[in-house]
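Please keep the sequence and the model open while reading.

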Amino acid sequence: MKKKIISCVMATALTVSAFAACSGSEGGGDETTVEVTTRQAAQTDASGNQSYSEDEVLEMRMFACMAGTEINDGNEIQELIAERTGVKVKETWLTGQTASEAIGSIIASGDLPDFIDGGDGCVQLYENGLLVAWDPYLEEYPNLKEMYSDAEWEMFRQDDGKIYWANVFNNTYGKSKATGHNDEAFWIQVRVLEEAGYPEVKTLDQYFDLIEAYVDNHPQMDNGTKTIGYTALCYDWYYYCIENPGEFLAGYPNDGSVIVNLDNPDDPTIEDYNTSEITKNYLKKLNEVYNAGYMDIDFATQTRDEYIQKLSSGCVLGMCDQNWNFAGDIAGPLHEQGLDELGCEYVPLGLMADGVTQQQWHVYGDTLNNSSGCAVTTSCEDPQAAFQFLSDILEQDIHDLRFWGIEGVDYLVDEDGLYYRTPEMRENWKDETYKANHCCFYAYMPQWGGTSRDGINAMQPGEQGSEYRAGLSTPMANLLVAYGANGLPDLIGSVEGVAQGPWYPMWSYSNEMGGRNDTAGCVAWGKMGDCKHIWIPQVVMSKDFDATWEEYMAAYAECNPQDFLDEMQTELDARIAMAEAAES
C-alpha cells in the first residue's frame with residue numbers, strides 16, 4: 001500500500017458559478033448549475049515570475065507518445081477545468097510516426113510542448129537536457145507527492161540525482177475497486193465462448209480449437225466481412241503482442257523482457273524466455289494456425305491503426321495484447337454498430353503451457369513503472385503554473401469532472417452518496433461525438449484509481465462495481481453469470497504475487513535501455529529487438545518451422561543476448577539490495 005498524504009485545499013481558489021447547458025441529464029436537459037473554482041491571478045514578484053489577469057486562461061500543449069483521439073475545441077468539461085485552474089492544455093497524440101521517430105523529430109526541431117509523455121523516449125529527452133526536475137515541486141504540491149511513497153519516488157531518480165517524470169497509471173488511492181483487467185492476456189470474443197457453452201479454457205490448444213471451430217461455422221459476419229480467427233500486432237514497439245506471451249504461458253508475471261527464476265528464492269536469477277521451449281512451442285502453434293488459414297495473413301505488416309480498425313469491425317475473434325492498447329479505441333465503434341450486443345466484445349483468458357499449474361497474467365495491486373511518465377519540458381515558460389496544474393487536476397472535484405463528468409448531467413448521487421448513471425448517461429459516455437465535445441480526461445496526466453476521498457465511490461466509473469455491471473452488454477453480463485465471475489480478473493484466475501518481488505517489473509529498467517547505447521547490454525538489447533522484429537513473423541509464416549526456428553536462434557545468438565541478461569541481473573541484484581536496505 002502506498003503511503004497516503006492528506007490533500008491540501010488550494011489556498012488560491014475562489015468559488016464561482018458556471019452553467020453547462022447539456023442534453024444528457026435526467027429531466028430533459030435543463031441548464032445545470034455546476035460549482036467550480038478558478039485560480040486567482042498570479043502576481044509578479046521580485047523574481048519576475050509570470051502574472052495573469054483574473055479572467056485569463058493560460059494555454060499549454062501536451063504531446064503523448066501514444067495513439068489517441070483529440071477532443072474538440074470548446075470541449076465543455078475542459079472549459080470548466082480551465083475556469084477552475086486557469087490552465088487549458090491542448091493534447092496531441094502519436095500519428096503517422098513510430099514513437100522513436102516522433103521523439104527524434106521533437107528533439108531535432110527543438111519545438112517542445114509544455115508537457116510530454118515520451119514513453120521510452122523519456123531518457124533521450126532527459127539526456128538532451130529538455131526536462132524540468134520535479135524535485136522542488138514535490139514538496140510544494142502534496143497532491144503530487146502522495147502519488148508515490150518516498151522509496152518509490154527514489155526509483156524515478158536519474159543519474160544526476162533528480163526526478164524528471166512521474167508515471168500516472170497504476171496508482172491506487174485507498175482501497176482497490178478494480179473490476180477490469182488492464183494488462184496482457186489472450187483475448188477472445190464473447191460470442192465464441194457463448195456458442196461453445198462457456199467452456200473452461202486453460203491452454204493454447206483449447207483456445208485455438210474454439211476459434212477454429214467458430215470460423216468454420218461462421219466464415220463471415222452477417223454484413224459479409226470475412227471472419228479472422230486470430231491476429232497479432234508486430235508494428236514498432238507494439239510487437240510485444242507476439243513476442244512475450246512465452247513468459248506468461250510459463251506462469252511468470254509481466255517482467256516484460258526477462259523471467260526472474262525463483263527456483264532458489266534466496267538467489268533470484270534472470271532467464272531469457274525468448275529461447276525457452278515454451279516460447280518455441282507457442283510460436284509453433286501460431287505457425288500451425290497461420291498455415292491452416294485461421295490467422296490474419298496481414299498480421300506481420302499491419303500498422304496499429306489497421307489493427308484497431310479490424311478489431312473495431314468485430315471480425316477478429318482473438319489476439320494477445322494489453323487491454324490498454326486496444327480497449328479504449330474499440331469500445332465506442334463496437335457499441336455504435338451494435339456489435340457489443342452481438343457478442344463481439346473481448347474477455348481475457350489466463351492461458352498456461354502444458355505442465356504449468358498457475359499463472360500470473362493479472363497484476364493484483366499497483367505496478368511501479370519508473371521508465372516513463374508525464375514530464376514538463378524546458379520549453380514551458382511557466383513551470384510553476386504547469387506543476388500547479390498537475391496538482392490541481394488531482395483535487396477530488398476536478399478528478400470527478402475528468403472521469404465522472406458533471407453531477408446532474410453525467411451522473412447522479414443516491415441517498416447513500418453513491419454515484420450512478422442513468423442508461424441515457426451511459427450511452428452518452430459510449431458515444432464518440434459526445435466525448436469529443438464534452439469529456440476531458442487528461443488521460444496521460446496524474447490520476448488515481450481506487451477509492452474516492454469520500455470513502456464511498458470509485459475514483460473512476462469503470463471501477464464502480466454497480467456502475468460496471470449496469471453498463472455491461474447483455475452477452476457480457478450473461479458470460480459473467482455463466483462463469484460465476486464478478487469481473488474480468490475472476491475470468492483469468494491468476495494467483496497473487498507469487499513471483500512479484502521488490503524488483504518487479506524488470507521492464508521498467510529495460511524500457512529505459514531503449515533510449516541509450518552506452519553499455520554492452522544496451523547494444524545487445526537493441527540488436528535483440530531488431531532481430532525479433534525480423535524473425536518472429538518469418539517463424540510464424542514459415543513452411544518449415546523447425547528450420548526457420550534454428551535460423552532465428554542463430555541470428556539471435558549473434559546479438560550477444562548474454563550481455564543484456566548480465567546487465568539485467570546486475571539491476572535485479574541492485575533492486576533486491578535497495579529493498580533490503582530500506583527494511584533495515
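Asp397 and Arg84 form a salt bridge, with their closest N and O atoms 3.3 Å apart; the term stands for a side-chain nitrogen of Lys or Arg within 4 Å of a carboxyl oxygen of Asp or Glu. This pair links distant parts of the chain, since Asp397 lies in helix H15 (residues 396-403) and Arg84 in helix H1 (residues 76-85), 313 residues apart. Helices here are DSSP runs of H or I with at least four residues, strands are runs of E with at least two, and both are numbered from the N terminus. Arg84 is buried at a relative accessible area of 6%, while Asp397 is partly exposed at 36%, where buried means under 20% relative accessible area, exposed over 50% and partly exposed in between (1.4 Å probe, protein chains only).

This is a predicted model, in which local features need pLDDT of at least 70 and side-chain atom pairs count only at pLDDT 80 or more, whereas totals for chains, interfaces and linings use all residues. Residues are numbered from 1 along each chain as its sequence is written, and side-chain values use heavy atoms, with hydrogens and water left out.

## Further charged pairs

By the rule given above, the count comes to 18 salt bridges. Among them, Glu139 pairs with Lys145, the closest N and O atoms being 2.8 Å apart; Glu139 is exposed, with a relative accessible area of 58%, whereas Lys145 is buried at 19%.

Arg453 forms a salt bridge with Glu146, at 2.9 Å between the closest N and O atoms. The two residues connect distant parts of the chain, Arg453 sitting in the loop between strand S16 (449-450) and helix H18 (465-470) and Glu146 in the loop between helix H5 (142-145) and helix H6 (150-154), 307 residues apart. Arg453 is partly exposed at 27% relative accessibility, and Glu146 is buried at 0%. Salt bridges with shared partners also join Glu70, Asp73 and Lys90 into one network.

## Helix H8

Helix H8 (residues 204-217) has 14 residues and reaches 20 Å from its first C-alpha to its last, close to the 20 Å expected at 1.5 Å a residue, a span taken as 1.5 Å times one less than the number of residues. Its buried residues are Leu204, Tyr207, Phe208, Leu210, Ile211, Glu212, Tyr214 and Val215.
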